[in-house]
Number of protein chains: 2
Amino acid sequence: MYKVKVFITLRESVLDPQGTAVQQSLHSMTYNEVKDVRIGKYLELAIEKSDRDVDQLVKEMCERLLANTVIEDYRYEIEEVITQ
Amino acid sequence: MYKVKVFITLRESVLDPQGTAVQQSLHSMTYNEVKDVRIGKYLELAIEKSDRDVDQLVKEMCERLLANTVIEDYRYEIEEVITQ
């Protein structure tokens, strides 16, 4: 079994109104030190071993469904979980 | 300046219908190896140095605004960025 963590973020050039709203809320709560907020998605997948390559599999899933690659970047970490 | 990464996830005991929907979509795309999907949020904050402790600051922001601690867990990583 693999535990996969996927991070999906807006591309640098894409405006993030949700992040701006959060930043403004933080400022109104006196957290003026916050200079930028970007909001993305974080997914945790449990993937069973098969004869397909897990790295290739995750990449395909990101490209085809999880991320919108026009406006989003993604990266992922794969961790093998050994269960007794 | 600090770069802070915040990961907000649903607590284990809380159902994740969005994750279930994504899992079903992945299955319909033949990715049957996927046994579980949990969807959370990923935030990147840029925080300026001040006389307040950055760790304490991030913790407060998570507790007060970023996470709903009744149903969500959070964790964060703080990285100091040295600009020339």
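**Note on the two-chain model**

1. The structure holds 10 salt bridges over all chains, a salt bridge being a side-chain nitrogen of Lys or Arg within 4 Å of a carboxyl oxygen of Asp or Glu. This is a predicted model, in which local features need pLDDT of at least 70, side-chain atom pairs count only at pLDDT 80 or more, and totals for chains, interfaces and linings use all residues. Residues are numbered from 1 along each chain as its sequence is written, chains are lettered from A and ligands numbered from 1 in the order in which they are written, and side-chain values use heavy atoms, with hydrogens and water left out.

2. Within chain A, the side chains of Lys49(A) and Glu80(A) form a salt bridge, at 2.7 Å from N to O. This pair joins distant parts of the chain, 31 residues apart: Lys49(A) lies in the loop between strand E2 (34–47) and helix H2 (54–66), and Glu80(A) lies in strand E3 (residues 72–80). Helices (H or I, at least four residues) and strands (E, at least two) are DSSP runs, numbered from the N terminus.

3. How are the two chains related?

4. Turning to the interface, 36 residues of chain A are in contact with 36 residues of chain B. The area buried between the chains is about 3200 Å², and carbon and sulfur atoms give 62% of it. Buried area is the accessible area (1.4 Å probe) that two parts lose on being put together, summed over both. Tyr31(A), Glu33(A) and Tyr42(A) supply 22% of the area that chain A buries against chain B, more than any other three residues.

5. The interface of chain A and chain B contains four salt bridges. The side chains of Lys35(A) and Glu48(B) also meet in a salt bridge, at 3.8 Å from N to O.

6. The axes of helix H1 (residues 17–28) of chain A and helix H2 (residues 54–66) of chain B come within 11 Å and cross at roughly 110°. Axes are lines fitted to C-alpha atoms, for helices over the stretch in contact, and angles run from 0 to 180 degrees between N-to-C directions. H1(A) is therefore roughly perpendicular to H2(B), a term for angles of 65 to 115 degrees. Val22(A), Ser25(A) and Leu26(A) meet Met61(B), Leu65(B) and Leu66(B) there.

Methods: Parallel < 35°, antiparallel > 145°, perpendicular 65-115°, else oblique. Contact = heavy atoms within 4.5 Å.
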